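I am opening my notebook on this structure and will write down what I looked up, one topic at a time.

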Amino acid sequence: MATTTYPTAGSRSPRARDVCAPRGGRARSAVGRRSSFSSSASPDAPANALSRYRRKVSNHPLVTCDDPAGWRRGARMNLRALGAADPDTPERQRNCGAVPVGDRVEIRVKDGSAYYCGLETCGNVWLCPVCSAKIHYRRAAELRDALSTWEAGGHAASLVTITVPHDLDDPLSKLVDTERAAWKHVTAGAGWQRLKRRLGIAGHIIALEFTWGDENGWHPHYHVLLVHDQDLNAACIAALHAHIHSRLAAACGDHGLRQPDQLHAVRVDPNVSGTAAGAYIAKGGDWTPAEELTRGDLKTGRARGRTPFQILADYYQTGDTRDRDLWHEYGDATHGLAAVRWSRSTRSLILGTAVSSERTDEELAAEEVNGNLVTVILTPAWSRIRRAGLEHAVLVAAAREGLNAVNALIRQADCASHDHRQQEKEQR
């Protein structure tokens, strides 16, 4: 199948408006439900009223459907379009998954899943649901392989979770600065070097995650995977906890936060396995430390919390401008931050010096996985497909039934151009 197209740049804003309601009104959420809540809080409401708007309309399991992988992909594509409707969204992110890089778009299939080639990607791990999923998935796969290699050599690893004290009125940027300063204090100085030698710590991989709670506000936290030579005993675990907590307490004092408590601020899951779930498993039997560290895109908030992508979905479902402000605050605070970082030399130590250098988020998001070509769509038909909102439906058709199903869907929606129909006749 081949088609032609006119440029899509001029149609981005109208398309984005097609998939969500005008600002301040109700909209179909990224998960396909309608809100029964009021669209906006009273402008006279006090600041602490945030603790009382418990909508949680998007806080639901991601696995309660027949095809969870396909459902999640459709939800991510819809959320990406919702984000593109925001005038503050950077142009590169608005173009992601929408604007062809050439004169055609390809549909390819690999391992039973269809995907598009030839579209721009933004590589924003924080603000783009689609790129975030690709990046997290590929980093998790790399980390899973690294942990397996490390364990095969008779070594061990421990997962540390670090949370700064947070209250409803604390700005996210302040909390992020405190968290970063705390970890810098943890790994600085002779004290850390002595502890590393005592515990046999070879390095670490660190991941940053965010949730929002209606009672205590933003909740940024680090997951730190420490790789060490052998299992830690009780005395080593206590020493590790004490060292991290003391540095965290110092950073909180320097940044004007209350002191962290002993129970919740630092959690150590010692001697975890890279191939079997630990005590912190939350997502099923195959949820390993690699996923816990890297797959923030698959997590939902706990009973009274929401992830940033849930906040975005809630805003377009309810029109509550406080969610819009939270989303903007999150975007500002995460600008330039890495979601996953390896300490110096850790990657080459575990995977070997022959392993290529670490790829950037942009490279991971744009990576071609060499699937089998199903069809080629030239740009006029692609433009019509986008205006009709069929991007995900076309992929589902391609994955399940192939080219004939794609052609039938495009004809039914009257998205085909003259060139497409002529090409289809030739194929027959």
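**Entry 1**

How many bridges join strand β3 to β5, and in which sense do the two run? I found eight bridges between β3 (residues 156–163) and β5, and the two strands run antiparallel. I kept in mind that strands here are DSSP runs of E with at least two residues, while helices are runs of H or I with at least four residues, both numbered from the N terminus. Two strands count as paired if DSSP finds at least two bridges between them. For one bridge I noted the partners, T163 and, in β5, H221.

Before going on, I wrote down that this is a predicted model, in which local features need pLDDT of at least 70 and side-chain atom pairs count only at pLDDT 80 or more, whereas totals for chains, interfaces and linings use all residues. Residues are numbered from 1 along each chain as its sequence is written, and side-chain values use heavy atoms, with hydrogens and water left out.

I then looked up β4 and β5, which pair in the antiparallel sense over twelve bridges, and a hairpin of three residues joins them. I205 stands opposite L225 in β5. Eleven of the twelve residues of β5 are buried, so β5 is largely enclosed by the rest of the structure. Buried means under 20% relative accessible area, exposed means over 50%, and partly exposed is in between, with a 1.4 Å probe and protein chains only.

**Entry 1: confidence**

I checked the pLDDT, which is the predictor's confidence in each residue, from 0 to 100. The chain has a mean of 77, and 72% of its residues reach 70 or more. Over residues 1–66 the pLDDT stays under 50, and the model has 176 contacts for this stretch beyond four places in sequence, a contact being heavy atoms within 4.5 Å. The pLDDT is also below 50 over residues 275–299, a stretch with 68 contacts in the model beyond near neighbours in sequence.

**Entry 2: the sheet of β1, β2 and β9**

I looked up an open sheet of three strands, which has the order β2-β1-β9 and antiparallel pairing. Its edge strands, each pairing on one side only, are β2 (113–117) and β9 (372–378). From one strand to the next, the twist averages 25 degrees. Strand β1 (residues 104–110) is joined to β9 by six bridges, and E106 stands opposite V376 in β9. Helix α13 (residues 379–387) lies across β1, β2 and β9 and runs at about 90 degrees to β9; the axes are lines fitted to C-alpha atoms, for helices over the stretch in contact, and the angles run from 0 to 180 degrees between N-to-C directions.

In the loop between β1 and β2 I found D111, which has a positive phi of about 55 degrees although it is not a glycine. D111 counts as exposed because its relative accessibility is 77%.

**Entry 3: helix α10**

I followed α10 (residues 321–334), whose 14 residues reach 20 Å from the first C-alpha to the last, close to the 20 Å expected at 1.5 Å a residue. The expected span is 1.5 Å times one less than the number of residues. Among the buried residues of α10 are L326, W327 and Y330, and its buried residues pack against α5 (172–186), β4 (201–213), β5 (217–228), β7 (305–306) and α9 (308–318). After α10 comes G336, with a positive phi near 85 degrees.

Is L175 buried or exposed? L175, which lies in helix α5, counts as buried because its relative accessibility is 0%. L175 and P220 are 45 residues apart in sequence, yet 7.0 Å apart in space, C-alpha to C-alpha. Leaving aside neighbours within four places in sequence, the contacts of L175 include V164, W218, P220 and L257.

I also looked up H245 in helix α7 (residues 234–254), which is buried with a relative accessible area of 8%. Not counting residues up to four places away in sequence, H245 touches P260, D261, Q262, A265 and V266.
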